[in-house]
Amino acid sequence: MDGPTTLRLLPWPSPEGKPCYLATDGNGGYLSRLAEETEAEQIATGTEVLTHAREVLRDPLSPRSEVHYAAIRLAECLTDALRVAESRGLRLPAPDAPEEAEDGDGPRVRGEREPGHEQPSCDR
């Protein structure tokens, strides 16, 4: 019997800039392995860019163009890192047992927001 199919957020956007998802059973097919390798490359690139940006920013005489280029690359790497974090967060297992709410209104899942404090949704 096959396991449940889940959607995995891939570490690259569509040509239109929208999120890409892979329907997977969690068995690690070719695209899943490619996504893992891409995520690792994105994190490594982010580390290299951060090192370079720190060098540029440490020098008060760095040309404006170098500072601007470093900022653009940092923004690109941050975008990649946030997508990786979101993808990995979506793949975390659900908590085992709900916690009791402080006000006695019944169980509340750890990390759940109080009523009236929901995070606004965004259409991508």
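Reader: Over residues 108-114, how many contacts beyond four places in sequence does the model have?

Author: Happy to start there. This is a predicted model, and pLDDT stays under 50 over residues 108-114. Where pLDDT is low, the predicted coordinates should not be read in detail. With that caution, the number of contacts beyond four places in sequence for residues 108-114 is 11.

Reader: Which element of the protein has the highest mean pLDDT?

Author: The protein averages a pLDDT of 81, and 74% of the residues score at least 70. Among the elements, the lowest mean, 48, belongs to strand β4 (residues 107-108). The highest mean, 96, belongs to helix α1 (residues 30-58).

Reader: Is Glu37 buried, partly exposed or exposed?

Author: Good one to check. Glu37 sits in helix α1. Buried would need under 20% relative accessible area and exposed over 50%. Glu37 has a relative accessibility of 46%, so the class is partly exposed.

Reader: What separates the C-alpha atoms of Glu37 and Pro11?

Author: Along the chain, Glu37 and Pro11 are 26 residues apart. In the model, their C-alpha atoms are separated by 9.7 Å.

Reader: In which sense do strands β1 and β2 pair, and over how many bridges?

Author: The two strands form a hairpin with five residues between them, and Gly17 in the turn has a positive phi of about 85°. Leu7 stands opposite Ala23 in β2. The pairing of β1 (residues 6-13) with β2 is antiparallel, over five bridges.

Reader: Which residues make up the covered face of strand β2?

Author: Strand β2 spans residues 19-24, and its uncovered face holds Pro19, Tyr21 and Ala23. The covered face is made of Cys20, Leu22 and Thr24.

Terms used. Residues numbered from 1 in each chain as written. Predicted model: local features only at pLDDT ≥ 70, side-chain atom pairs only at ≥ 80, totals over all residues. Heavy atoms only, no water. pLDDT = per-residue confidence, 0-100. Helix = DSSP H or I, 4+ residues; strand = E, 2+ residues; numbered from the N terminus. Contact = heavy atoms within 4.5 Å. Buried < 20%, exposed > 50% of the residue type's maximum accessible area, 1.4 Å probe, protein only. Pairing = 2+ DSSP bridges.
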